[in-house]
Amino acid sequence: MEANSSSKWSSLCIILLSLYLQVIQCSVTYDKKALVINGQRRILFSGSIHYPRSTPEMWEELIQKAKDGGLDAIDTYVFWNLHEPSPGNYNFEGRYDLVQFIKLVQRAGLYVHLRIGPYICAEWNFGGFPVWLKYVPGISFRTDNQPFKTAMQKFTQKIVQMMKDEKLYESQGGPIILSQIENEYEPEDKLFGDAGHAYMNWAANMAMSTDTGVPWVMCKESDAPDPVINTCNGFYCDYFSPNKPYKPTMWTEAWTGWFTDFGGPVHQRPVEDLAFAVARFIQKGGSFVNYYMYHGGTNFGRTAGGPFITTSYDYDAPIDEYGLIRQPKYGHLKDLHNAIRQSERALLNSDPTVTSLGNYEHAYVFSSASGGCAAFLSNYNVKHAARVTFNNMQYNLPPWSISILPDCKNVVFNTAQVGIQTSQVQMLPTDTKMLSWETFSEDISSVDNDKTITVAGLLEQLNITRDTSDYLWYTTSVDISSAESFLRGGQLPSLTVQSAGHAMHVFINGQLSGSAHGTRESKRFTFKGDVKLQAGRNRVSLLSIAVGLPNNGPHFETWNTGVLGPVVLHGLDEGQRDLTWQKWSHKVGLKGEEMNLATPNSISPVKWIQDSFVGEKQQPLTWYKAYFDAPKGDDPLALDMSSMGKGQVWINGLSIGRYWSVNADGNCTGCSYLGTFRPVRCQFGCGQPTQKWYHIPRAWVKPTQNLLVLFEEIGGDASKIYLVKRSLTSD
Ligand code: GAL
């Protein structure tokens, strides 16, 4: 009896002790200088790695590379539309295994910043919202609207509960030190007036009420109510201060490059400028920097948002799309982190004394009895180097640069002096052959079937597809009397079609007659083209294509997609004929999609045709399939799709994503300069396809007999699709 009660006491003691230890050991708070983890102020470097933008097989190595690059934390959004594809049905498997991802980060000894959103922007389809959310009765996104708030709260609580169940918050001994609610709400907050403001306050309170034991942030929301921390996103954040003097200065998105859109240039951000921006932020008192993106990865499947965001989300990040280290970006930032790490105690224990050393030159000195002395010497002149005197010593400062002196004497790092070799990336040919090509043609002569909606007029695309497919067919018929025939005075009739976006192909009597598409700047477009009509009945079929749903902008859930008209024929005897309000049939998706043509061993009645001359035909609306053996080794793989037009591609039934060989045009200005000297952002690749290579994760291929399937909308030479290996060499 006695022994029993003493053992009861000792277990109670253990519980109390561990509770006590948890109180003092496992907590995250903040003060004006920094996040305080287990009683310690910390300067933290973090990097965004979005788990669904790579594969679980890649995660461990990506996280390890991030750690080796000097990061303390990994940041990820949570992708609602992946996790809840239909209301109440959840998916956290495979690439969507958020818990596993966080546990791998924990195992590597890093922290996590979990950006729940659940609005996330992120160049992700519908900004992360499931499309069904738009169809909840009475809903209005991201404002003081009960149906929206109910859904948002339910998902947020679900994620928080999952994390708690797995003991993943720092307050429970786990790696999550920080969480985000909403995302860059400030523009909407201003625009939506009282309703916006009420919603923002509600979101903050709702987040707080989940009681995670770690702080919440709102990025780009200067009104974030206490105790939520408002944080900065941008290329530079040195101008930023939090809304209360007792909150730390945090930069949740330091943009390492930029995303690309089909038809736009490829962006680069020189690391000298990025390192300068980060050092400048730290010298002004910043204590948390998250690189967006540290590894951008790939928008597999139809996850890219936009519209027009490319399948690649490389972002010019320190780790490239394929998981390879990008030098000198990675190494120079690593050196920067080391230099700041050496200065950390001084930075966290004192406020800087700022002294002018010249017109553009300053010394920021952090000095305290407990923290020693660290100094940042800066030169903001974009053109000229400077020689300055500091503590009776002479220092050379290159233009637009900051030197870091962790002991107030010796320079260990200068942002403009890069001592890392540039990595040379090559896409090397492999001897892989695509074997036994077969094709299947989308027959559009029989579009009318029981799955067709026929009405007078044109219907909005998303309302019909609910995003189950990119494709919607709009079909109507046009009767032409033999008198007006198809040639009037040598002039063909012409057709104009106005579309709300995003791309469209016009078929007259089954023949491709022309195509048109919008751009990221203006997704609406008008198709104008001559059409070959015949006497009698003609069939006009418009294939409208969504190229990723919008991810940004006030009430983007109300934006239209598809052919909304007018649709007008010109040059007939009668003049023009408006087709807008005649009978149109609407058919969602492709036959090949319906029959799961991309899935290996799918049982379908489709008769694939063996095609040894696959390159010669270049037909529109064609499905292709072939088999290949994987090249040996573990170099990352890609498909060179530049011989093809536009479509989607799958390997072994898994969607690599959308491809589109549209050339980049617009402002390919090379680099834009600060003053005339320092490149801050660069654009390349005009006159060539924005994206030529499409990442095939190694985990998706087996040694032999891999199934490649693609659907081509316009026409291309499939015999010139090559498998390449990405490999790195140093110069
Ligand atoms: C930010 C946004 C991110 C991402 C980024 C651009 O404004 O918060 O989610 O969209 O822009 O890549």
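Which residues in α5 meet which residues in α7? The first legend answers this, and the others visit further spots in this predicted model.

**View 1. Helices α5 and α7 side by side.** Helix α5 covers residues 146–165 and helix α7 covers residues 193–209. On the α5 side, look for F148, K149, M152, Q153 and T156, which meet Y199, W202, A203 and M206 in α7. Sorted by class, this contact has six nonpolar, two polar and one charged residues. The two axes come within 11 Å and cross at roughly 25°. An angle under 35 degrees counts as roughly parallel, and α5 and α7 are therefore roughly parallel to each other. Their crossing is right-handed.

**View 2. Helix α5 again, now with α4.** Here α5 is seen with helix α4, residues 98–107. Their axes come within 11 Å and cross at roughly 45°, so α4 and α5 are oblique to each other. The handedness of this crossing is right-handed. From α4, the residues L98, V99 and I102 meet I159, M162 and M163 of α5. By class, this contact has six nonpolar residues, with no polar and no charged ones.

**View 3. Helices α8 and α9 packed together.** Helix α8 takes in residues 271–283, and α8 packs with α9 at an angle of about 15°. The axes of α8 and α9 lie 10 Å apart. With that angle, the two helices are therefore roughly parallel to each other, and their crossing is right-handed.

**View 4. A bend in helix α9.** This view stays with α9, which runs through residues 329–349 and has 21 residues. From its first C-alpha to its last, α9 reaches 30 Å, close to the 30 Å expected at 1.5 Å a residue. Find S343 to see where α9 bends, by about 60°.

**View 5. A cis peptide bond at P118.** The peptide bond from G117 to P118 is cis, and its omega is near -5°. To find P118, look in the loop between β6 (111–117) and α5. As background, most residues other than glycine have a negative phi, and most peptide bonds are trans.

**View 6. A cis peptide bond at P307.** Here the bond to look for runs from G306 to P307, and this peptide bond is cis, with omega near 10°. P307 sits in the loop between β12 (288–295) and α9, the helix with the bend at S343.

**View 7. A positive phi at C408.** What is the phi of C408 near? The value is near 65°, which is positive in a residue other than glycine. C408 can be found in the loop between β18 (401–405) and β19 (413–414).

Terms used
Residues numbered from 1 in each chain as written. Predicted model: local features only at pLDDT ≥ 70, side-chain atom pairs only at ≥ 80, totals over all residues. Heavy atoms only, no water. Helix = DSSP H or I, 4+ residues; strand = E, 2+ residues; numbered from the N terminus. Expected span 1.5 Å × (residues − 1). Bend = angle between axes of the 7 residues up to and from the residue. Axes fitted to C-alpha atoms, helices over the stretch in contact; angles between N-to-C directions. Parallel < 35°, antiparallel > 145°, perpendicular 65-115°, else oblique. Left-handed = near helix turned anticlockwise from the far one by under 90°. Contact = heavy atoms within 4.5 Å. Nonpolar A, V, L, I, M, F, W, Y, C, P; charged D, E, K, R; others polar.
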